[in-house]
Amino acid sequence: MDFSSFLTSLGTSFLIFVVLMLLFTWLSRRPGNSVVYYPNRILKGMDPWEGGSRSRNPFAWIREAFSSSEQDVINMSGVDTAVYFVFLSTALGILVLSGLILLPVLLPVAATDDNVKAQKTNGSNQTFSEIDNLLMGNVKDDSPRLWAFLFATYWVSLVTYFLLWKAYVHVSVLRANALMAPGLKPEQFAVLVRDIPPAPEGQTRKEQVDSYFKSIYPETYYRSMVVTNNREVNKIYKKLEGYKKKLAHAEAVYDGSKKTGKPEGLRPTTKTGLLGLVGKKVDSIEHYNEKIKELIPKLEAEQKATLREKQQACAFVFFTNRVAAASAAQSLHAQMVDTWTATEAPEPRQIIWSNLKIKYFQRIIRQYVVSFIVALTILFYMIPIGLISALTTLDNLKKLLPFSEVNCRYCRSQDSAGSLPSSDCTHRVFGTVAQVTYGPLQGRGNSFSGPCIASPGNATFFLTFVALKFFVGYGLELSRIVPLIIFHLKKKYLCKTEAELKQAWLPGDLGYATRIPGDMLVITIALCYSVIAPLIIPFGVVYFGLGWLVLRNQALKVYVPSFESYGRMWPHINARVIAALILFQVTMFGYFGKKFYRSFADTALEVASRELKEIPNMETVFRSYIPPSLSSEKADDDHFEGALSQASRIGAIA
C-alpha cells in the first residue's frame, strides 16, 4: 500500500468514527432509546440523563467519562471492570513512555539513512513506499545506527516491566479493599470441598461432612450444603419457566386484542405439536395453564428425589467468620491430596454446577489434555500457517502457479487501495502473527528465515489494521447501532410483556473473554513493531486511549456485570503482556541477528568493487579449488572436461 492509499484508508476510518459518534449523540437523546444507551443506570434506579448526558453537545459523553473516578466505575460495574481499565491504562502508559523516546530518536535515525534507496538502485523486486524510509529497514546492515534501536529495545522492556509492577500493586490494593469492604459477600464465608471419600456405613453424606469439619473447626463451623446432580430437576424447571413465559405472552396478546378489536377480545391459539407448528390447535391460555399444573408436582417430587438420592462427592461448607473460611480454603485437610480438597468458594453466579463433581485426577488429566491440545495447535497449525503464508505471497504465487497471475494483480490492486474484505484481513492477521512468533527462530538458510515484520509492506498493513480497529470498532461500540436495531425489531414484533421487553434490551457484561484477546493482539503488534516501525506507537496510543474513553462511557451507562471475581483475571492479563514482551524481545533478537549476520555471510558490493593491484590469474583461481586427489600435472582442461560447466567451455572456446 502506498502512502496516499494509507492516508485515504486512515481518513475514511476517521470519518466513519465521526459519523457514528454524531449518530450516537442524536440517538441517545431520544427517550425510546434510553434502555439501549443507559441500561446500567436504569437498572440501578438512576435517571438516564443525570449529569448532562442528554446535552446537545456531541462531546458531553467525553467530559463525563473523563470526570468519572475509579470508585464510580466500581460502584456501577464492579471491581473486574475497574481492573480491566487498569489494563487499558497500563498498555497506554507503556506505549506513551516508549514513544517519548522512540519517536524523536529512531525516526530521524532511520530517515537519514538510505538502505531503501540502495535496494531500489540494486533492482530489488520488493515494493517500497514513503513510510519505509522511516522504518528500521531503511538502516543499512552492520550500521552503527543500529545501536539506537538496540537501546530502544531495552527501554521498551524496562518501561513494560515497571508499569506492570505498578499495575500489580494497584490491582492488589483494589482487590484487598473490595474484599475488606463491610458489605456481606456470601463467598467469603463459604469453602468449596471436593473429592469427599465415600460415607461410612450408617452415615449420610451431609452427616459425614458435618462431623468431619465440626471436629476440625468446632467454634467457627456453621453448616454444609451437599452438591447434587441437578440435571433432571433443571429440565423440569426450565420447562415450567418456559410455559410461564408463554402463558404471560398469551395473556398479553389476549389483553391487547380487547383494545384493538372486539371488547371480548380474541383468545390466542397454538398447536400442540413440534414448536407449536403442527398438531391439534388449542386455546393457548388454557393449554399453558394445564402444562403448568402438570409440571409443578413433578418438579416438587424431583426436588425431593434429587436432594435425597443424587448427592455428589462435593459440598459447600459455611463458617461463621471470614478468617476461618479463608484459613480452611488454604489448608490441607487430609493426608492424601486427592481427598477433602478445599478451595475458596466462587461467587454464586460463577458456579458451573455440572463441573463440581469432577474428581481430582480427572481435573489434572483435563489440564494436561488442554495443554497438549494447545501444543499440538501451535505445532501443527500455527507454524504451518506461518510457512504457508510465506509461500503464498503474491509474488510466490505467480512463480508457483503462473495461471494465477491475473488474480494476483487484482488482489494487489485491492490491497494497495486498502479495501481487502474483513475476512481476508483476519486471515492475514493470524498468518502474520504466526510468522512473527516463529520467524526469528527459523534457520538462516531457510527461505523464510526472517520475521515477517522484515517485509516492507507489513508495517503499513498493521498500521491500517489498528486504525480500522479503533476508529470503526469503537465507533460501532459507542453508537450501538446493531443492538438498537435488534431491540426495536423485537419490541415491535416479538415482545408483548414487560419481562420480554426487559430481556430484549438487557446488555450483558463487557465480555472479557472476547474483548481482552483483541486488546492483547494489538499490544503484541504494537510491542513487536515499536522499535522496527515506531510509527505503530501513536496508533497503539490512540487505540488504548480511545478504548479507555469509549468503554468508560459504556461501563458507566451500558454494561451490567454478570459476576464479580474482584480482579482475579489480572494474573492472566499480566502473564500475557509479559508473553507479548518476550515475543517482542525474541523478534528483535532475530531481526538484529539478520542485520549483523548478513555483512559476514555475504561480501558487500562496495568491498568487492575495489580494484586489485594486479590482474588476477584465473587459471590459478580455478586450480586452487581442485582437490589434491584429482590434481594433475597436465596444463590443459581435458582432464577436467567432465567437471566443467557448459558455460565455462563456451567461454574458453570464445
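Q: How are helix H4 and H21 oriented to each other?
A: In this predicted model, helix H4 (residues 60-67) packs against H21 with their axes 9 Å apart and at an angle of about 80°. Angles from 65 to 115 degrees count as roughly perpendicular. The two helices H4 and H21 are therefore roughly perpendicular to each other.

Q: Which residues in H21 do the residues of H4 meet, and how does the contact divide into nonpolar, polar and charged residues?
A: From H4, the residues Trp61, Ile62, Glu64, Ala65 and Phe66 take part, and in H21 they meet Trp548, Leu549, Val550, Arg552, Asn553 and Lys557. The residues of this contact of H4 with H21 divide into 7 nonpolar, 1 polar and 3 charged.

Q: How are H5 and H21 oriented to each other?
A: The axes of helix H5 (residues 70-77) and helix H21 (residues 536-557) come within 8 Å and cross at roughly 45°. Angles under 35 degrees count as roughly parallel and those from 65 to 115 as roughly perpendicular, with the rest, apart from those over 145, as oblique. H5 and H21 are therefore oblique to each other.

Q: Which residues in H21 do the residues of H5 meet?
A: On the H5 side, the contact involves Glu70, Asp72, Val73, Met76 and Ser77. The residues of the contact of H5 with H21 divide into 4 nonpolar, 1 polar and 3 charged. Those that H5 meets in H21 are Arg552, Ala555 and Leu556.

Q: How far apart do the end C-alpha atoms of residues 461-487 lie?
A: An unreviewed UniProt entry places the feature "transmembrane region" at several spans, including residues 461-487. This span is 96% helix and 0% strand, and its end C-alpha atoms lie 36 Å apart.

Note on methods. Residues numbered from 1 in each chain as written. Predicted model: local features only at pLDDT ≥ 70, side-chain atom pairs only at ≥ 80, totals over all residues. Heavy atoms only, no water. Axes fitted to C-alpha atoms, helices over the stretch in contact; angles between N-to-C directions. Helix = DSSP H or I, 4+ residues; strand = E, 2+ residues; numbered from the N terminus. Contact = heavy atoms within 4.5 Å. Nonpolar A, V, L, I, M, F, W, Y, C, P; charged D, E, K, R; others polar. UniProt positions renumbered as here; feature names shortened; annotations may be inferred.
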